[in-house]
Amino acid sequence: MNTLLEINNVTYTYHTKNGETTAIENLKFNVKDKEFVSIVGPSGCGKTTILSIISGLISPTRGQTLLNGKKIEKPCDNIGYMLQKDQLFPWRTIEKNVFLPLEIKKVKDENAKNYGRELLIKYGLKDFLKSYPDELSGGMRQRVALIRTLVSKPDLLLLDEPFSALDSKTRLSVSNDVYKIIRAENKTAILVTHDISEAISMSDRVIVLTERPSKVKNEHVISLSGSSPINKRENPEFSKWFEILYKELDANEK
Amino acid sequence: MKNNNYSIEHALFIKKQKRETLIVNAFRLGVFFAIFFLWELLVNIGVLDGFITSYPSKIAITVYELFKSGELLTHIGITLYETLLGFFISVSLGYITALILWWSERLRRVFEPYIVVLNSLPKIALGPVIIVWFGSGEKAIIAMAVLISVIVCVLSMLGAFLETDKDKILLLKSMGASKFTIMTKLVIPGSKEAFVNMLKIALGMAWIGSIMGEYLVSKAGLGYLIVYGSQVFKLDLVMASTVVLLLLSGAMYYLVTLLEKLLIKNKKYG
Ligand SMILES: Nc1ncnc2c1ncn2[C@@H]1O[C@H](COP(=O)(O)OP(=O)(O)O)[C@@H](O)[C@H]1O
Ligand SMILES: [Mg+2]
């Protein structure tokens with residue numbers, strides 16, 4: 001598999017009136033095509049900052065990020081960003097929410113819209129195309145948010161703690177759904193989370209970050225057999241990984 | 001999705017609610033008639049002086065006579081014209097100014113103290129200046145209406161624009177949206193409710209402005225009738241004009257609430 005994303009010695013410093021904060025320092029990692037990578041780290045260590053840099057929303061203070069060998073300078077079509085809350089626009093119907101990226105990118109093609117509709121139908125939202133977001137459950141809304149990210153066919157998906165606003169039971173089933181959709185649509189994804197179980201059960205590789213300013217502390221290739229995150233959680237290897245990662249993160253806290 | 005096979009309990013609940021609404025409406029009407037009846041009665045038996053307080057039947061007759069002579073519609077027309085024009089100017093001016101201030105943080109910072117001072121100034125104090133500048137006609141009155149309402153429009157809309165969810169802005173940016181797109185796709189549609197609220201406030205302010213303006217200058221309009229009536233001690237005229245004004249402003253407020261229903265469609269899911 002070839003490399004899709006390269007993060008080369010990236011440093012980022014925030015400047016505010018009260019001083020400066022170096023959120024990440026000399027960060028370096030790669031993501032391969034079709035890989036599912038999780039980034040775990042203590043809260044406030046700079047995970048969101050990393051995604052903001054990859055998405056092109058902010059430019060690194062030092063170092064560079066390459067997507068398909070090309071430097072990322074501003075938000076581009078190849079990357080889809082999914083935030084913590086679903087951020088559906090309440091005044092738009094479900095399908096209009098999904099079409100939003102197409103409108104922004106001025107895609108007039110009916111096929112693109114049909115693709116969005118197909119995805120909604122395929123993933124169980126057939127009866128809700130013309131509904132408004134507040135008629136849907138939290139899990140369904142998050143699925144819509146994912147489909148909205150997929151509609152412009154990005155190569156890389158960035159997920160910033162996308163399940164943390166959900167209650168724990170929904171969380172498990174939604175993460176399962178999201179995983180299946182991402183796999184079925186053959187996407188590369190980076191998931192940021194502080195939930196170790198989520199990271200282990202969903203990803204091919206887990207990157208552990210240090211405290212701020214964050215660097216890569218360790219990387220683990222996870223190869224748990226199991227068809228879905230929920231299945232993988234039942235694998236005896238799972239608790240072994242959990243312990244390893246738990247200790248690594250715990251060491252951070254001190 | 002909707003469940004139409006309601007249980008008996010639900011039917012009963014709905015019935016009770018309907019009954020409650022009916023009772024409230026009946027009492028509302030009752031209060032209305034009670035006040036007028038009492039007023040009429042107290043004047044009739046001599047407790048109130050009808051010359052000073054006027055009374056409902058006399059007010060009704062005065063309104064009717066004003067209407068028959070054609071005067072009423074002229075005065076209504078003039079006041080309505082001044083109020084509506086003042087209202088539209090303040091709303092558009094206020095909305096556009098708020099958008100510009102949302103767009104540019106620098107401008108916002110520059111103008112903040114001016115807006116705060118203008119907002120706290122009792123605008124009526126500028127009345128004489130306005131008369132000097134705009135003459136003693138409709139223009140001065142419209143200017144008064146605008147002056148009184150525009151700042152509130154700016155402040156309420158700017159507040160709503162600035163409250164736009166930061167994460168939603170981030171989301172649009174990550175899709176490559178320009179600032180203009182963020183404005184049209186998010187900031188403007190996301191502030192619909194604030195817009196309707198602004199309309200309501202601006203309408204009330206425009207009424208204050210136009211009537212105040214007519215008190216100060218003018219030879220026609222409902223405000224003029226009220227002042228004129230009080231000067232020649234025709235309290236019937238004062239009361240009649242006030243009642244007409246009341247009905248008119250109520251009707252306009254109602255129109256705004258209709259607009260609200262039109263604009264904010266998915267309220268039904270709230
Ligand atoms: N816009 C900003 N201005 C200044 N400091 C910021 C800003 N955003 C984040 N930070 C700081 O950078 C650090 C990393 O933030 P973030 O990337 O959001 O962490 P995480 O997502 O891992 O919780 C935090 O200490 C935070 O206070
Ligand atoms: Mg974060």
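Trainee: What makes up the contact between chain B and chain A?

Mentor: This is a predicted model. In it, 19 residues of chain B and 20 residues of chain A take part in the contact. Contact here requires heavy atoms within 4.5 Å.

Trainee: How much area is buried between chain B and chain A?

Mentor: About 2,000 Å². Carbon and sulfur atoms give 69% of that area. The size of an interface is often given as the accessible area lost when the parts come together.

Trainee: Why is the pair B:Lys185 and A:Glu103 called a salt bridge?

Mentor: Set the distance against the cut-off. The N to O distance between these side chains is 2.9 Å. The rule asks for a Lys or Arg side-chain nitrogen within 4 Å of a carboxyl oxygen of Asp or Glu, so the pair qualifies. The count between chain B and chain A is 1 salt bridge. The rule for polar contacts finds 2 residue pairs across this interface.

Trainee: Which elements give two or more residues to the side of chain B that touches chain A?

Mentor: They are α8 and α9 of chain B. The largest share, 7 residues, comes from α8(B). By class, this side of chain B has 9 nonpolar, 5 polar and 5 charged residues.

Trainee: Why is B:His75 called buried?

Mentor: Its relative accessibility is 8%. Buried means under 20%, so B:His75 counts as buried. B:His75 lies in helix α4 (residues 71-103) of chain B.

Trainee: What is B:His75 in contact with, leaving aside its neighbours within four places in sequence?

Mentor: B:Ala220, B:Gly221, B:Leu222, B:Tyr224 and B:Leu225. A polar atom of the B:His75 side chain lies 2.9 Å from the backbone nitrogen of B:Gly221.

Trainee: How many salt bridges are there over all chains?

Mentor: The count comes to 18. One of the pairs is A:Lys105 with A:Asp77, whose closest N and O atoms are 3.9 Å apart. The cut-off is 4 Å, so this pair qualifies.

Trainee: Why does the pair of A:Lys105 and A:Asp77 tie together separate parts of the chain?

Mentor: Look at where each residue sits. A:Lys105 lies in the loop between α2 and α3 of chain A. A:Asp77 lies in the loop between β5 (70-71) and β6 (79-82) of chain A. The pair therefore ties together parts that are 28 residues apart in sequence.

Trainee: Is A:Asp77 buried, exposed or partly exposed?

Mentor: Partly exposed, with a relative accessible area of 42%. Exposed means over 50% and buried under 20%, so A:Asp77 falls in between.

Trainee: What joins A:Glu198 and A:Arg171?

Mentor: A salt bridge between their side chains, at 2.9 Å, N to O. A:Glu198 lies in helix α6 (residues 196-202) and A:Arg171 in helix α5 (residues 168-184) of chain A, so the pair ties together parts 27 residues apart in sequence. A:Glu198 is buried, with a relative accessible area of 2%. At 15%, A:Arg171 also counts as buried.

Trainee: How do you know that A:Arg183 and A:Asp204 meet in a salt bridge?

Mentor: Their N to O distance is 2.8 Å, and the cut-off is 4 Å. A:Arg183 is in helix α5 of chain A, and A:Asp204 is in the loop between α6 and β9 (205-209), 21 residues apart. A:Arg183 counts as partly exposed at 27% relative accessibility. A:Asp204 counts as partly exposed at 23%.

Trainee: Which residues are linked in a network of salt bridges?

Mentor: A:Glu35, A:Arg205 and A:Glu219.

Trainee: Which residues are around ligand 1?

Mentor: They include A:Tyr14, A:Ser43, A:Lys47 and A:Thr48. A polar side-chain atom of A:Arg212 lies 2.5 Å from an oxygen atom of the ligand. A backbone N or O atom of A:Gly44 lies 2.8 Å from an oxygen atom of ligand 1. For a polar backbone atom of A:Gly46, the distance to a ligand oxygen is 3.0 Å.

Methods
Residues are numbered from 1 along each chain as its sequence is written. Chains are lettered from A and ligands numbered from 1 in the order in which they are written. This is a predicted model: local features need pLDDT of at least 70, side-chain atom pairs count only at pLDDT 80 or more; totals for chains, interfaces and linings use all residues. Side-chain values use heavy atoms; hydrogens and water are left out. Buried area is the accessible area (1.4 Å probe) that two parts lose on being put together, summed over both. A polar contact is a pair of N or O atoms within 3.5 Å; within protein, one must be able to donate a hydrogen and the other to accept it, and residues adjacent in sequence count only if both atoms are side-chain atoms. Helices (H or I, at least four residues) and strands (E, at least two) are DSSP runs, numbered from the N terminus. Ala, Val, Leu, Ile, Met, Phe, Trp, Tyr, Cys and Pro count as nonpolar, Asp, Glu, Lys and Arg as charged, and the others, Gly among them, as polar. A residue is near a molecule or strand if one of its heavy atoms lies within 4 Å of it. Buried means under 20% relative accessible area, exposed over 50%, partly exposed in between (1.4 Å probe, protein chains only).
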